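Have a look at the model, then try each task before reading on.

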Amino acid sequence: LKLAPIWQPAASVLDTFAFLPHAMSMQPEVAGESSSLSFEILLARLRDAHQLQLRELRRENNALQDQVKRLLGEGGAYEDAAKAHKTLTQSLRPTVPCSSHGPPHCIERGPDGGSGSASSKAEPDTEAQRLAERKPNQARTLSRVMLRFNSSRSKAWQRTPCSVEPKNINLQALCQGTYPDRQWKDLTALEMSALLRVALKPVHNLIDPRSTRVQYWDLLLTIALAYVGIVTPFETVFISGVDWVFFSVNRVVDVIFILDIVLQFFLKVEVQRPHRGGIIMLRDPVKLRMRYLKSWFVLDLVSVFPFDILSVVLTSLSPFMQRAKILRCLKLARLAKLLRIVRIGRIRQRWLNAITLQLSTQKIIMFFAALVLSSHWMACIWGLVGLTSGTTLCDESGQLLDFGDGGVGPGQMSWVTALYSGGGTSLATPCNHFEVYTASLHWAVMTITSIGYGDITPVRLEEYIVGIFCMLVGGVLWAYVIGSLCSIISNSSPVERDFESNTDLLNIAMSEAHVPVNERSKYREYLREAKAFDRRVSFGEVADRFSPLLRKHLLFHVTQECLHEVYYFNDKDAPRSFTLDVASHLVPKFFSRGEPLDSLRHCLCLMDRGTVAHGGLILVPPSVFHEDFIITRQQYQKVERTVSLTYTQVLVLSRDSMEAILEPHPKFARKIRQCAAKMAFCRAVRMTIVAYNKWKKTHPTAEMSLTDAFDHACGDFALNGALKRNGQQQAEDDMEYKPVREGSIF
């Protein structure tokens, strides 16, 4: 009974403790007669308070619905708005079959095409009240469905393409087309939504470049481009004749490239605006096709021209064509497929936001791929010059030709013939195309890395020219790669760089201040252990660059494991915006080994790293302590000493921040007050029992009333807790009555 003036009146009708103050206030004359108040009378008064609160909530609900009707005006505007809401919901919501595990906005359809569970009645407020009385869970679920049908948490909604596209619409002309004798402003909400739904439908069947199917197609196209970039030069230079395995694979690749050309005529394009900045989506099919025809169409068309098929046909027509120079030109023309490699840049641009690797890792992969591909192409160019400029050393059957005692003449020499006929041992036989390619790759890598053993040298003018060109290109490429790698390594970890700088400054400061040598190590250790905390602070600075909503979502994903440990945050009726606000208000704190956490006594603490001792318990992440910070009077909060056992990182939420977060959510604030009332009640009961037992030990024959035990418990616990924390002065401050401040939601 003494607890009645402590609590604020709770608004929930489902909690018995919340209505205890109302039950006490109904008969104030018996508040002091604890012995004459039976349990049946108390239960009856609680039931009466329950009914009173139900009537109050119904009256508030009816008043709110009357206000909505007045705002929408007379003449059926309320019913039109409800119908328009249902129509827009049906048009914008994806068609997802309803099930017990379906998305939160899934509504079972009735036979008339509407929502079977949300059908309108003659008296919607009365029916809603009846539903709330009969089936409160179903009423709560229906309310959550109607309010969150556009929730971003539904995967089906995120993956379903939008059925509308932005357009410039003349509303008056749109109205005149269907209702010639009416104005747009005279239409009802249902008629407006019907016209807009038809007008915003896409006119042309174009493909979104950000869709999942386009991403799979880009992956297949990347594999085809890698095949072209690696196999086509090798096949063109080192394989003579027709290899039917490569020929069949090339036809499959050509089909993929042809389909990609067709796809470009129906694929939307993201265009960078030159002056105002930003990216817009080009949806006009005429502009799309003209843009492609003027830019990449010619290169794509040349790359799919069947030069190898033409070569096979000409070879089969006449044996003379096998020795003609035109056949060699057609063979080299197959290298035109390499023009498709430029498509990799457009594919990478579309995949830029989907790649999760670090930028430094992406750059290292790109540099490695560029080195390998450049070495491969340079080896093919060097092999092409050596095989075409000198005499042929092998016949059509792959056997080595016999040049007699004279050997190969000076005019027929190349680096291949010089390497073989000059007594070199690098090549076992020039008739093996893989061995010739290995020697060419050996020269290319030596040229790019500027090593230059000198075992393979040019012997003709053409080879000198190609060698000079390859050395220039290779030198520039190698210098660029080395410089970029050094830059990546030096800037790979800003936190590590700051740690090294701070450590140097610390060492200088400790030397100048003559800090004892045996104490310097703990300061260096703190800086080393604080690198994780610095990384968390740097991440917070990066998160501040995002828009408010994106920042909240990002921080929620980082801290959601800890937030789920707070039981009153896991309430099914907790608003999504409330949880996001809590995640954005968490402040990281870092403590050294053995440091007390007294400064966080009246804050919610979420373990992010390390180990603490709290009230005889060892807590590790993702544990939570000081959950009772929502209790208004600090004397009812549980006082436990908390000490950091290791280097500990804690996410802190202050009480002022909690009040600011709950202010826009009055309904959920009532539930938080309910949780605070429960904890305060349990704490007061425990304090009273402990105080009574202490009194009985010291005064075994004396009697103590419940009121005296409670008064003694409040004074004794508050005094002892304050003395343990901060001394006598803080104890006197804690003993003072601290009323709830003006505007407090607790």
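**Exercise 1.** Work out how helix α20 and helix α21 are arranged.

*Solution.* Start with the axes: those of α20 (residues 494-513) and α21 (residues 517-529) come within 10 Å and cross at roughly 160°. Because of that angle, α20 is roughly antiparallel to α21 (over 145 degrees counts as roughly antiparallel). Next comes the handedness, and α20 passes α21 in a right-handed crossing. This is a predicted model, where local features need pLDDT of at least 70, side-chain atom pairs count only at pLDDT 80 or more, and totals for chains, interfaces and linings use all residues. Residues are numbered from 1 along each chain as its sequence is written, and side-chain values use heavy atoms, with hydrogens and water left out.

**Exercise 2.** Find which residues of α20 and α21 meet.

*Solution.* From α20, take F499, N502, T503, L506, N507, M510 and S511; they meet R520, Y523, R524, L527 and R528 in α21 (contact means heavy atoms within 4.5 Å). Now sort the residues of this contact: 5 are nonpolar, 4 polar and 3 charged.

**Exercise 3.** Describe residues 464-489, one of the spans that UniProt lists as "transmembrane region" in an unreviewed entry.

*Solution.* First look at the secondary structure, which is 100% helix and 0% strand. Then take the end C-alpha atoms, which are 37 Å apart.

**Exercise 4.** Is V639 buried, partly exposed or exposed?

*Solution.* Locate V639 in the loop between β7 (624-625) and β8 (642-644). Its relative accessibility is 29%, so V639 counts as partly exposed (buried is under 20%, exposed over 50%, partly exposed in between, with a 1.4 Å probe and protein chains only).

Methods. Axes fitted to C-alpha atoms, helices over the stretch in contact; angles between N-to-C directions. Helix = DSSP H or I, 4+ residues; strand = E, 2+ residues; numbered from the N terminus. Parallel < 35°, antiparallel > 145°, perpendicular 65-115°, else oblique. Left-handed = near helix turned anticlockwise from the far one by under 90°. Nonpolar A, V, L, I, M, F, W, Y, C, P; charged D, E, K, R; others polar. UniProt positions renumbered as here; feature names shortened; annotations may be inferred.
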